[in-house]
Amino acid sequence: MQWVGTAQMAAAVSNAGGLGIVSALTQPTPQRLGIEIDKCRELTNHPFGVNVTMLRSVNPPPYEEIIGTIIERNVRVVETSGNVSLEIFETLNQAGITIIHKCTSVRHAISAEKKGVHIVTIDGFECAGHPGEEDIPGLILIPASVSALTIPVIASGGIADGRGLAAALCLGASGICMGTRFVATKEAPVHEKIKLALVNAHENDTRLMFRTLGNTARVLSNKVSNEVIALETRPDGCTFDELRLLVSGARGRQTLVTGEIDSGVIWAGQVVGLINDIPTCRVLIERMVKQCNEQLAVASSMF
């Protein structure tokens, strides 16, 4: 949700009954993040959180300053992902912040629990972004994580409607996390053509980039992602430096602004095959809860 997780987006989700998340790395500096947190607080009186993603980077963001800003602004929930140090977890815990850590494997989830996180989000292979390297789908990964942990598990990846919510609950999850589905909402700060591309896509219209680099990323199929994969699968392979200009964050951000589908990377999960409209966040969440209750009732009546 980088470039999408703004105060506007987070507040819309929170006002609709979910937990909206502001993306820290969408903001250029920790100071701008502080302003964005203040803006979100002006737009909603409901809880919201901040995401801090710590992935490999040539020029890593100033994570300590980002965490400092979050604590100074009295944010009560932080979602982390990537290679988060024990020191950062301890700092957040000492500040009384609820930590939700995103994982793509059971062993990483177990490690996160031992480090003091309060909730784990488990990302199945279907998810957008980085699904890890083990290719375990949610139908297996969710219950396996629930069985292995004593803390709550949030299911993520491949969920777009009340059927997915009902399934996640039946698998033992305490809730769900959605990214791609929220991009195709009225409030999402992206070009309408991007939203329509998600609506028109099918479940087989995503691609896995960076597989040869050990940093798999699921994105929407377009000219850029296909070119990246073509370079990766050359007989002699390729280096990240050869891909850098194609997959730059600035280029991807511009794509979301202009709606030029083939000009940059568009992060998206296989859940695009279940997206058929562009509702408001409130309509989406209310519809999901209603459908979830209906599906659980139907399932229950079968026994």
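Entry 1: I was working with a predicted model throughout. I started with the strand order and found an open sheet of seven strands, running β1-β2-β3-β4-β5-β6-β7 with parallel pairing. Which strands sit at the edges? I noted β1 (20–23) and β7 (175–177), each of which pairs on one side only. I also looked up the twist, and it averages 30° from one strand to the next.

Entry 2: Next I looked at how β7 is held to its partner. Strand β6 (residues 153–156) runs parallel to β7, and three bridges join the two. Within this pair I found Ser156 standing opposite Cys177 of β7.

**Entry 3: helices on the sheet.** I turned to helix α1 (residues 7–15), which lies across β1 and β2 (48–54) and runs at about 170° to β1. Helix α4 (residues 86–94) also packs on the sheet, where I saw it touching β2, β3 (77–82) and β4 (98–103). The direction of α4 makes about 150° with that of β4.

**Entry 4: α1 against α13.** How do α1 and helix α13 (residues 281–301) cross? Their axes come within 8 Å, at an angle of roughly 40°. Angles from 65 to 115 degrees would count as roughly perpendicular and those under 35 as roughly parallel, so I logged α1 as oblique to α13. The crossing is right-handed.

For the residues involved, I listed Met9, Ala12, Val13 and Asn15 from α1, meeting Cys281, Arg282 and Ile285 from α13. Sorted by class, this contact has five nonpolar residues, one polar and one charged.

Terms used: Residues are numbered from 1 along each chain as its sequence is written. This is a predicted model: local features need pLDDT of at least 70, side-chain atom pairs count only at pLDDT 80 or more; totals for chains, interfaces and linings use all residues. Side-chain values use heavy atoms; hydrogens and water are left out. Two strands pair if DSSP finds at least two bridges between them. Helices (H or I, at least four residues) and strands (E, at least two) are DSSP runs, numbered from the N terminus. Axes are lines fitted to C-alpha atoms, for helices over the stretch in contact, and angles run from 0 to 180 degrees between N-to-C directions. Contact means heavy atoms within 4.5 Å. Angles under 35 degrees count as roughly parallel, over 145 as roughly antiparallel, 65 to 115 as roughly perpendicular and the rest as oblique. A crossing is left-handed if the near helix is turned anticlockwise from the far one by less than a right angle, and right-handed if clockwise. Ala, Val, Leu, Ile, Met, Phe, Trp, Tyr, Cys and Pro count as nonpolar, Asp, Glu, Lys and Arg as charged, and the others, Gly among them, as polar.
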